[in-house]
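Have the model open as you read.

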Amino acid sequence: MMKQTILVTGGTGFIGSHTTVELQQAGYKVVIVDNLSNSKADVVDGIEKITGIRPAFEQVDCCDYEAMEKVFTKYDDIKGIIHFAASKAVGESVQKPLLYYRNNINSLINLLQLMPKHDVKGIIFSSSCTVYGQPDKDHLPVTEDAPIQKALSPYGNTKQINEEIIQDYIHSGAPIKSVILRYFNPIGAHPTALIGELPNGVPMNLIPFVTQTAIGVRKELKIFGNDYNTPDGTCIRDYIYVVDLAKAHVKAMERVLEKEDTDAVEYFNIGTGTGVSTLEVVEGFEKATGVKVNWSYAPRREGDIEKVWANPDKANNVLGWRADTDLEDILRSAWKWQLKLREDGIQ
């Protein structure tokens, strides 16, 4: 039987496209809304090739209330929303704070306002481990109870504010439920290499920069900071395979739509539970692929956190979800995607 219809905002983006695939494979119908500010429309072709099903696609900006209203009217059976659409580069947010506040906050407010009106029951919100800031050593690995700290960037602040908006709206009596997923660092690409991470312009994330340097699109990878208080001096993160992350959204959606006795707002850390340094990722990539990367150290970057990784026990036990893909396999998937982009003449 075909399950409910889910609206995926930012569905042609990196995480959104992988989640659309997992939703379709779990039997959901998907409507994608994306303004294509950081993605391309032909991602929909890749999704269709993997699943055999073409998701509905509307090129709409979530900040445009009237246009979003039309989407809900056209697809009047939407029961859940997964909200990915957001500007997401830490460095850029420091340079362009108002763009980030306008995009990331208005888009959520529009969706929340439209939900009761169109009988949409649940929203999964993509939050981030940035809400924890730099946890003290007593809170590493990070559980959901770790204190929320003052954000180090406008991007991180929009995630905190949006979490509070959801909490306040539901507290006010809005007839909706929400699962807030705080992701750690998503990397890799679908094993088919039909979808992956394709940032417009210079990548802000480590892995596309690694693969683009390995293939010669970029001359050199800069590792920002080698004087952090970590074993090798480089930042530590919890790198999670994007396909594993996508599956967490399917579990969260099932929980919101099908379980009656859950809290109206729930929070889950979505990570592997293992911290890996930037240097270990670069060396791991070279080992996994046999390809050398030209890299050097650069000064620390504003807004970067020294070390953070997840305690994913709650997601493992309550959602019944686990990230278990080996890091070298994940890095190989990213390289396979980069080779496919070269083959297709994209980069």
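Glu266 is buried, since its relative accessible area is 9% and buried means under 20%, with exposed over 50% and partly exposed in between (1.4 Å probe, protein chains only). You'll find Glu266 in strand S11, residues 265-270; strands here are DSSP runs of E with at least two residues, helices are runs of H or I with at least four, and both are numbered from the N terminus. Before going further, a word on what you're looking at: this is a predicted model, where local features need pLDDT of at least 70, side-chain atom pairs count only at pLDDT 80 or more, and totals for chains, interfaces and linings use all residues. Residues are numbered from 1 along each chain as its sequence is written, and side-chain values use heavy atoms, with hydrogens and water left out.

So what does the side chain of Glu266 make a polar contact with? The partner is the side chain of Arg255, at 2.6 Å. A polar contact is a pair of N or O atoms within 3.5 Å; within protein, one must be able to donate a hydrogen and the other to accept it, and residues adjacent in sequence count only if both atoms are side-chain atoms. Leaving out residues up to four places away in sequence, Glu266 touches Ser178, Val179, Ile180 and Arg255, where contact means heavy atoms within 4.5 Å.

Now move to another glutamate, Glu163, which sits in helix H6 (residues 154-171). Glu163 counts as buried because its relative accessibility is 6%. Its side chain makes a polar contact with the side chain of Arg182, at 2.7 Å. Again setting aside residues up to four places away in sequence, Glu163 touches Phe125, Ser127, Val131, Ile180, Arg182 and Tyr267. Ile180 is on this list and also on the one for Glu266.

Next, the empty space. Rolling a probe the size of a water molecule over the atoms shows where such space is left. On a 1 Å grid over the protein atoms alone, a cavity is a set of points where a 1.4 Å probe fits but cannot get out, and lining residues have an atom within 4 Å of a point. Grid points are joined across faces, edges and corners, and a volume is the space filled by probe spheres set on the points. The count comes to 2 cavities of 30 Å³ or more.

The largest cavity has a volume of about 80 Å³. Its lining has 13 residues, and those nearest its centre are Glu197, Ile207, Pro208, Thr211 and Trp337. Helix H7 (206-215) and helix H11 (327-343) are the elements that give two or more residues to this lining, and H7 gives the most, with 4 residues.

The second largest cavity holds about 50 Å³ of space, and it brings us back to H6, which gives the most to its lining, with 3 residues. Strand S5 (122-128) and H6 each supply at least two. Among the lining residues are His83, Asn104, Phe125 and Asn162.

Finally, the cysteines. A search of the whole structure finds 0 disulfides, a disulfide being a pair of cysteine sulfur atoms within 2.5 Å. For Cys129, the nearest cysteine sulfur is that of Cys235, 12 Å away. Cys129 is buried, with a relative accessible area of 7%, and Cys235 is buried too, at 6%.

Notes
1 Å grid on protein atoms, 1.4 Å probe; cavity = no way out; pocket = protein on both sides within 12 Å on 5 of 7 lines; lining within 4 Å.
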